[in-house]
Amino acid sequence: MTAADTRDLLLSRIRDVADYPKPGVVFKDITPLLADPVAFTALTDELSGFCERYGATKIVGLEARGFILAAPVAVRSGIGFVPVRKAGKLPGATLSQAYELEYGSAEIEVHAEDLSAGDRVMVIDDVLATGGTAEASLDLIRRAGADVAGVAVLMELAFLGGRARLDGALGGAPLEALITL
C-alpha cells in the first residue's frame, strides 16, 4: 500500500461530527478507524515506521486517544510505552508541566522514573491542534533527562497553528502527520 493509499484509507475511516462538543466545532471521530482492523493496522504500521526511522527507544502517548494509538505501536516496535496523563491521575512520584490552552490552562504528568537519560522518545497522539499538550510533553521529556526523537500524529489541523507553536520546542526533531487538514 502506498503512502497515498494509506492516507486515503485512514481519512475514509474518520467521521466528522458537527457541533461536538460545542456548536461550531467539527469533531474528528476516529472510532470508525479503530473498529476497522485493516485501517488500524495500517495506522500502527505507519507510526511504528516513524519510531524505527528516528531511533525511538520509548513512546509517550498523550491522554487519552494517544494511549490507544501509542500502545500498539510500542508493542509492534518492541519498545516501552509511557503514558502522559492529566494531573492527579498517576500514583507515585511524577514530573508535571502546566501549559496554556486557547480556553484556559491545564497540567500533565509523567512518572519520573519512566524516562531517563539515553531514552529517545517519540510522542504519539491522534490530533495536533494548537500544540499546547504536545509542547508540554516535550518539556516533560527533556526535564526527565531524555531526548525527543520526534512527534507523530494521525491528523494535523493546520489551521490551528500547532506546527508553528512546536517549531522551537522540537529542537530539530521531526513532526510527522499522516493526514493534514
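Tyr20 counts as partly exposed, because its relative accessibility is 46%; on this scale buried means under 20% relative accessible area, exposed over 50%, and partly exposed in between, with a 1.4 Å probe and protein chains only. The model is predicted, so local features need pLDDT of at least 70 and side-chain atom pairs count only at pLDDT 80 or more, whereas totals for chains, interfaces and linings use all residues. Residues are numbered from 1 along each chain as its sequence is written, and side-chain values use heavy atoms, with hydrogens and water left out.

**Aromatic pairs**

A search of the whole structure finds 2 aromatic pairs. Rings of Phe, Tyr and Trp (its six-membered ring) pair if their centres lie within 6.5 Å; planes under 30 degrees apart count as stacked, over 60 as edge-to-face and the rest as tilted.

| Pair | Centre to centre | Angle between planes | Type |
|---|---|---|---|
| Tyr20 and Phe27 | 5.3 Å | 80 degrees | edge-to-face |
| Phe67 and Phe81 | 6.1 Å | 85 degrees | edge-to-face |

The pair of Phe67 and Phe81 links distant parts of the chain, 14 residues apart: Phe67 belongs to helix 4 (residues 65-77) and Phe81 to strand 4. Helices (H or I, at least four residues) and strands (E, at least two) are DSSP runs, numbered from the N terminus. Phe81 is partly exposed, because its relative accessible area is 32%.

**Nonpolar cores**

A nonpolar core is a set of buried Ala, Val, Leu, Ile, Met, Phe, Trp, Tyr and Cys residues joined through side-chain atoms within 4.5 Å. The largest one has 28 residues, and those with the most contacts inside it are Val60, Leu115, Leu138 and Ile141. Elements that each supply at least two residues of this core include strand 3 (58-62), strand 7 and helix 5 (132-143). Helix 5 gives the largest share, 5 residues. Apart from this core lies another, of 26 residues, among them Ile30, Leu43, Ile124 and Ala152.

**A buried charge**

Asp125 is part of strand 7 (residues 120-128). This residue is buried yet has no salt bridge, as the nearest side chain of opposite charge, Arg65, is 6.3 Å away. A salt bridge is a side-chain nitrogen of Lys or Arg within 4 Å of a carboxyl oxygen of Asp or Glu. The side chain of Asp125 does reach the backbone nitrogen of Gly66, at 3.4 Å.

**A loop residue**

Ala158 is found in the loop between strand 8 and helix 6. Ala158 counts as partly exposed, because its relative accessibility is 39%.

Notes. Lys, Arg positive; Asp, Glu negative; His and termini not counted. Polar contact = N/O pair within 3.5 Å; in protein donor to acceptor, adjacent residues only side chain to side chain.
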